[in-house]
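Student: Could you walk me through this one? I would like to go from the overall fold down to individual side-chain pairs.

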Amino acid sequence: MKESNQLTPRINLKSSLPADLDDFALMRLIPEGHTEALALLYDRHASLIYSVLMQKLEDPAEAQDIVHDVFVKLHTKSHLYSASLGKPVAWLLTVARNAATDKLRKRSTHQKYVNKAMLETEQSAPAHPGPHGDELELLRHCLAILPNQQQNILQLAYFSGLTQQEIADRLTQPLGSVKAWIRRGLIKLRDCVGGNL
């Protein structure tokens, strides 16, 4: 199953707002509950935000997740924006870059946990793995080619034995995100192992 390198398009519904409203006007409408204003801003800027995130993260799923989070934040915390902060698109890009920086910092923390878990696993493994050595090597190979986030989450779940909730707590991520990352990782792992048997 391939990850998409593009955003899932929004379902275009006819808007009652004029399409030529500028971003500042749309930003003023969002706190009043105008979801159409939010949708217009998404249509205008989501692709740019996604492109910037892809340059930083190099992971389509992570970039899509952050684009979603940026617009959820805009919907729920639009009062944090002020015209004195600059153009709305600049503010959205700042929110996205900050989220990406946090994600990269968490990746580094995840990798430390993973490296420790892998070292402990390798040290406790028998010197002669027996008849299943080839399968173990294949599994390690397939795990190594997963995107960092999926690799780290699976290693925390299956090598460190953490529950999904424990992983979410440790990484300060929503449980739903952790479940989605595990699911994506397992699908890719299954495809890789199945294609190499």
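Tutor: We can start with the overall fold and then turn to particular pairs of residues. This is a predicted model, in which local features need pLDDT of at least 70 and side-chain atom pairs count only at pLDDT 80 or more, while totals for chains, interfaces and linings use all residues. Residues are numbered from 1 along each chain as its sequence is written, and side-chain values use heavy atoms, with hydrogens and water left out.

Student: How many helices and strands are there in the chain?

Tutor: The chain has eight helices and zero strands, where helices (H or I, at least four residues) and strands (E, at least two) are DSSP runs numbered from the N terminus.

Student: And what share of the residues is buried?

Tutor: Of the 197 residues in the chain, 39% are buried; buried means under 20% relative accessible area, exposed over 50%, and partly exposed in between, with a 1.4 Å probe and protein chains only. Among contacts (heavy atoms within 4.5 Å) between residues at least 6 apart in sequence, 64% join residues at least 24 apart.

Student: Which residues of α6 are buried?

Tutor: They are Gln149, Gln150, Gln151, Asn152, Ile153, Leu154, Gln155, Leu156 and Ala157. That makes nine of the 11 residues of helix α6 (residues 148-158), so this helix is largely enclosed by the rest of the structure.

Student: Switching topic, which cysteines form a disulfide?

Tutor: Cysteine 142 and cysteine 192 do, with their sulfur atoms 2.1 Å apart, the criterion being a pair of cysteine sulfur atoms within 2.5 Å. Cysteine 142 lies in helix α5 (residues 133-144) and cysteine 192 in helix α8, so the link ties together parts that are 50 residues apart in sequence. The angle about the S-S bond is -75 degrees, which is left-handed.

Student: Are those two cysteines buried or exposed?

Tutor: Cysteine 142 counts as buried at 1% relative accessibility, and cysteine 192 also counts as buried, at 11%.

Student: What about salt bridges, how many does a search of the whole structure find?

Tutor: The search finds four, a salt bridge being a side-chain nitrogen of Lys or Arg within 4 Å of a carboxyl oxygen of Asp or Glu. One of them joins the side chains of aspartate 65 and arginine 184 at 3.7 Å, N to O. Aspartate 65 lies in helix α3 and arginine 184 in helix α8, so this pair ties together parts that are 119 residues apart in sequence. Arginine 184 is buried, with a relative accessible area of 19%.

Student: And how far apart in helix α4 are aspartate 102 and arginine 105?

Tutor: They are three residues apart in helix α4 (residues 88-124), and are therefore separated by about one helical turn.

Student: Last topic: how many aromatic pairs are found?

Tutor: Two are found in the whole structure, counting rings of Phe, Tyr and Trp (its six-membered ring) whose centres lie within 6.5 Å, with planes under 30 degrees apart taken as stacked, over 60 as edge-to-face and the rest as tilted. Tyrosine 42 and phenylalanine 71 form an edge-to-face pair, 5.0 Å centre to centre with 65 degrees between the planes. Tyrosine 42 lies in helix α2 (residues 35-57) and phenylalanine 71 in helix α3 (residues 60-76), so the pair ties together parts that are 29 residues apart in sequence. Tyrosine 42 and phenylalanine 71 are both buried.
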